[in-house]
Amino acid sequence: LNDKANRVATALLKMGVKSNDYIGLCAPNSADWIAFYFGVLKVGAVAVTLSSLLTGDELANLLYHSRPRFIFTVEEKLDDLEKFKGPGGVEKVICQNGDLDLGRMLEIGTGSFKAIDRSRADTAAILYTGGTTGTPKGVMLSHENINVSAHNVSFCERSTPADRGLCFLPFNHVFGQIHIMNATILSSGCLELLPSFDMEWVLSATEAGRVTKLFAVPTVYARLLSLDRLKERLGQVRYSFSAAASMAVEIVRQWKEQTGLTIYEGYGLTETASAVTYNHIYRHVVGSVGDPVHGVEVQIRDGSGNEMEQGTEGEICIRGHNVMVGYLKNPEETRSAFWENRWFRSGDIGVIDENGYLYIVDRLKDMIITGGENVYPREVEEVIYSRPEVELCAVVGLPDREW
């Protein structure tokens with residue numbers, strides 16, 4: 001991996017890439033994605049990680065906003081990306097049948113390279129999030145943000161070089177990129193990569209004994225619980241973690257009964273490079289998302305920014321070395337995201353108990369979470385409004401056992 005990342009970095013250097021240049025990644029999970037990502041960081045540039053599922057206007061909005069010089073992608077995206085090439089746009093598309101394929105880049109580059117030194121506060125990666133408004137925001141994560149969170153995850157999970165983590169969650173998402181990929185690599189573990197969730201693929205990997213750590217969202221755990229011989233089919237899995245949405249207490253209980261494993265949870269956002277709290281190995285509390293990880297503070301504040309008494313519900317606010325630099329080209333949103341002294345406003349309502357454990361109560365705004373993915377009512381309403389038969393509509397989320 002190091003040799004491959006060095007070759008990417010030196011090839012980019014020969015192509016004229018400078019520190020702070022934006023380089024895009026818009027491709028499904030793969031070993032090449034990881035090597036390209038670390039090559040970008042090694043050359044001192046900024047990795048702009050985009051969902052490979054984006055097409056048309058969605059992709060256009062993010063490319064016009066971030067303006068990456070080069071973009072690493074797959075052949076299927078060439079038609080979507082062609083219109084962004086030219087002066088002021090993407091200079092080169094790196095993929096099979098693109099301007100330059102990765103194989104050629106690896107030939108151009110060399111396997112020995114000392115990474116260009118960057119400040120811990122410099123931006124390393126930009127991840128896009130819809131927040132609660134449905135308007136994508138580019139979250140700028142620094143080298144320190146990523147390093148601190150990757151360390152906290154690997155420490156909390158007691159990760160070892162013998163671990164093999166399953167990753168079918170996309171690397172453009174903070175859970176896949178920081179919590180799974182970066183934390184696993186930091187702890188010298190291995191990754192079993194899948195391009196997306198597929199029950200047969202997941203079970204073939206676990207049954208073969210290739211997985212020791214299972215990372216998923218509540219929907220996946222609900223589906224797995226419907227299987228016969230679940231414990232046997234998990235093979236060597238020793239650890240299971242759920243993220244992206246709150247886990248129902250009943251699912252946690254059934255999982256423990258059927259597998260003997262605890263589903264560990266935590267709390268985090270794209271803006272906090274994932275890890276804020278962790279529900280612990282040493283004292284796991286069902287229904288909670290745990291207490292703050294190392295170097296991170298959590299407070300509950302009211303609508304005016306005042307800290308509230310313990311046991312009182314209010315907005316979860318976060319301060320620490322994991323909190324983003326800010327939103328790309330959006331100083332107004334960046335200012336409104338913080339109280340004084342860099343306390344980040346999460347937009348989530350929570351409460352902290354007498355032992356310091358955090359519980360998520362609700363969202364401040366209307367976002368719907370389905371299968372671990374954020375869905376914004378306005379986006380769905382806009383599609384419904386496109387039908388000539390519809391005059392008025394409103395979208396709300398309803399609880400569902402699986403989704």
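This is a predicted model: local features need pLDDT of at least 70, side-chain atom pairs count only at pLDDT 80 or more; totals for chains, interfaces and linings use all residues.
Modeller: Residues are numbered from 1 along each chain as its sequence is written, and side-chain values use heavy atoms, with hydrogens and water left out.

Colleague: What is the order of the strands in the open sheet of seven strands?
Modeller: Strands (E, at least two residues) and helices (H or I, at least four residues) are DSSP runs, numbered from the N terminus. Two strands pair if DSSP finds at least two bridges between them. The pairing in this open sheet is mixed, and the order is 4-3-1-2-5-6-16.

Colleague: Which are the edge strands?
Modeller: An edge strand here pairs on one side only. That applies to strand 4 (92-94) and strand 16 (326-327).

Colleague: What is the bridge partner of I71 in strand 4?
Modeller: Strand 3 (residues 70-73) and strand 4 run parallel, joined by three bridges. Within strand 4, the partner of I71 is V93.

Colleague: How many salt bridges does a search of the whole structure find?
Modeller: A salt bridge is a side-chain nitrogen of Lys or Arg within 4 Å of a carboxyl oxygen of Asp or Glu. Salt bridges that share partners join D21, R69 and E91 into one network. The search of the whole structure gives a total of 20.

Colleague: How far apart are the closest N and O atoms of R253 and E250?
Modeller: R253 and E250 are three residues apart in helix 11 (residues 249-259), so about one helical turn separates them. The two form a salt bridge, and their closest N and O atoms are 2.3 Å apart.

Colleague: Is E257 buried or exposed?
Modeller: E257 also forms a salt bridge with R253, with the closest N and O atoms 2.4 Å apart; both lie in helix 11, four residues apart. Buried means under 20% relative accessible area, exposed over 50%, and partly exposed in between (1.4 Å probe, protein chains only). R253 has 39% and is partly exposed, and E250 is partly exposed at 32%. E257 has 56% relative accessibility, so the term for E257 is exposed.

Colleague: Which residue forms a salt bridge with R319?
Modeller: The closest N and O atoms of the pair are 3.0 Å apart. R319 lies in strand 15 (residues 314-320) and the partner in strand 14 (residues 296-301), so the pair ties together parts that are 22 residues apart in sequence. R319 is partly exposed at 26%. The partner is E297.

Colleague: Which residues does A245 touch, not counting residues up to four places away in sequence?
Modeller: A245 sits in the loop between strand 10 (239-242) and helix 11. Contact means heavy atoms within 4.5 Å. On that basis A245 touches P218, E265, I369 and G372.

Colleague: Which residue takes a positive phi in the hairpin of strand 18 and strand 19?
Modeller: Strand 18 (residues 343-352) and strand 19 (residues 358-363) pair in the antiparallel sense over five bridges, with G350 opposite I360. Five residues lie between the strands of the hairpin. The residue with a positive phi, near 85 degrees, is G356.
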